[in-house]
Amino acid sequence: MDDNRPIRATSGTNHEGTSAHNRRVIIDALRLNGALSRADLARATRLTKQTVSNIMEELENDGLVTSRETVRRGRGQPSTPYGLVPEGAFAIGLQIDRHVTRAIAVDLVGNVLIRKEANLPAGGPATGTPVVLQLVQDVRAELKQRVAQAEKRLVGLGAAMPGPFGIEQDDVDNPWMMGPWQRFPLLETLSAGTGLNVTLQNDAAACATAERMVGAAHGLDHAVCLYVGYGIGAGLILGGELYSGAHGNAGEIGMALLTAGGRLTQLEHRASLASLYDHLGVDPMAPDIYALINDRAAADDPEILAWIERAAVDLRWSVQLIETVFDPQTVILCGAPAALATRLIAAMQPLLPSNADRPGRSLPRLQLGMTDPWAVARGAAAEPIGHAFDPRFQAILKS
């Protein structure tokens with residue numbers, strides 16, 4: 001560990017009865033910074049050296065951390081850094097979208113070990129649930145084959161799908177809303193079908209989680225991920241935490257109403273991948289549709305460029321709105337294929353004036369994020385890991 005490099009960590013507490021929180025603080029610091037010595041951890045978390053030593057011994061016994069090669073710093077005493085054991089825990093991430101479902105397995109530090117996908121048939125949960133459960137079972141079986149202890153160390157299943165959740169919908173066939181899936185008892189069905197603890201969040205929030213783990217939002221406390229997928233959403237990282245809102249619907253910017261041609265229309269009806277598929281007349285379920293769009297955008301296909309010109313106007317407005325309301329350090333465009341996202345960002349320049357347009361910025365107002373179609377599933381997998389190991393207020397309340 002470089003003495004001059006700042007260590008990102010949440011403060012622990014030396015009061016009695018808070019060992020669960022302090023364990024999470026230590027694990028979180030190692031996830032954020034990599035290997036650290038006990039002295040580094042004590043300094044960063046404001047825990048006593050004895051408390052850190054006791055926790056590290058527990059974590060070693062539990063197979064969650066291990067010592068690394070001793071490091072000598074100048075004339076001082078050599079120190080032993082400790083790092084997380086990737087095989088200390090595993091989780092499965094699941095994405096359910098309009099036409100496709102993806103599942104991945106990750107380890108404690110977020111490495112993707114297995115990934116599988118399948119087309120989601122029409123007919124809603126009645127026909128789609130067996131496909132989803134089979135996909136999770138296939139990933140789980142392969143993980144068990146690769147790592148003998150994986151099943152014992154599997155902490156849960158994180159699921160992500162488009163929102164909004166829990167609202168009344170008049171049109172049950174609305175392809176934007178996935179109404180039948182949102183009314184379906186998905187958590188209960190997945191839990192009963194897998195025997196795992198299951199969490200659910202919207203796809204934009206999951207993508208923001210992936211950005212925070214390994215993408216452009218890593219190390220940032222205030223960032224908004226503008227997710228351009230089949231629909232459009234905003235994943236909100238505020239004060240270092242993912243903000244979901246009262247009902248899990250925070251960031252549903254795709255539902256924002258715009259005036260176009262004298263009538264109101266939702267943002268995602270004009271600037272999402274679904275609107276691009278419609279513009280091009282392509283089937284969203286076509287094999288390798290993501291790669292197809294990327295190749296056509298990279299070749300400056302005139303039809304795609306025409307769509308970009310129109311979509312950039314609305315997305316430019318959305319960035320200005322996000323900056324005005326949330327004051328983030330940066331806005332990250334993610335979800336769309338790389339060539340398409342790159343051309344969208346270029347077409348959105350210059351950005352509209354906002355309170356983020358100030359001198360001395362260290363980050364651009366708008367930047368490219370993850371363009372991997374697996375980012376949502378990866379972020380979803382991070383939620384069970386976070387629920388088990390991240391420092392959260394609920395951990396302090398546990399007896």
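D301 is found in the loop between α10 (289–298) and α11 (302–326); helices (H or I, at least four residues) and strands (E, at least two) are DSSP runs, numbered from the N terminus. The model is predicted: local features need pLDDT of at least 70, side-chain atom pairs count only at pLDDT 80 or more, and totals for chains, interfaces and linings use all residues. Residues are numbered from 1 along each chain as its sequence is written, and side-chain values use heavy atoms, with hydrogens and water left out.

D301 is buried, at a relative accessible area of 16% (buried: under 20%, 1.4 Å probe, protein chains only). Its side chain reaches the backbone nitrogen of E303 at 2.8 Å.

The largest pocket holds about 1,000 Å³ of space. A pocket is an open set of points on a 1 Å grid over the protein atoms alone, where a 1.4 Å probe fits, with protein on both sides within 12 Å along at least five of seven lines; lining residues have an atom within 4 Å of a point. Volume is the space filled by probe spheres set on the points. The lining comprises 40 residues, with R212, G240, E241, L242 and D390 nearest the centre of the largest pocket. The largest share of this lining, 6 residues, comes from α7. By class, the lining has 18 nonpolar, 13 polar and 9 charged residues.

The second largest pocket has a volume of about 580 Å³. It is lined by 30 residues, and V100, R102, E117, I289 and Y290 are the closest to its centre. Its lining divides into 19 nonpolar, 5 polar and 6 charged residues.

Notes: Buried < 20%, exposed > 50% of the residue type's maximum accessible area, 1.4 Å probe, protein only. Polar contact = N/O pair within 3.5 Å; in protein donor to acceptor, adjacent residues only side chain to side chain. Nonpolar A, V, L, I, M, F, W, Y, C, P; charged D, E, K, R; others polar.
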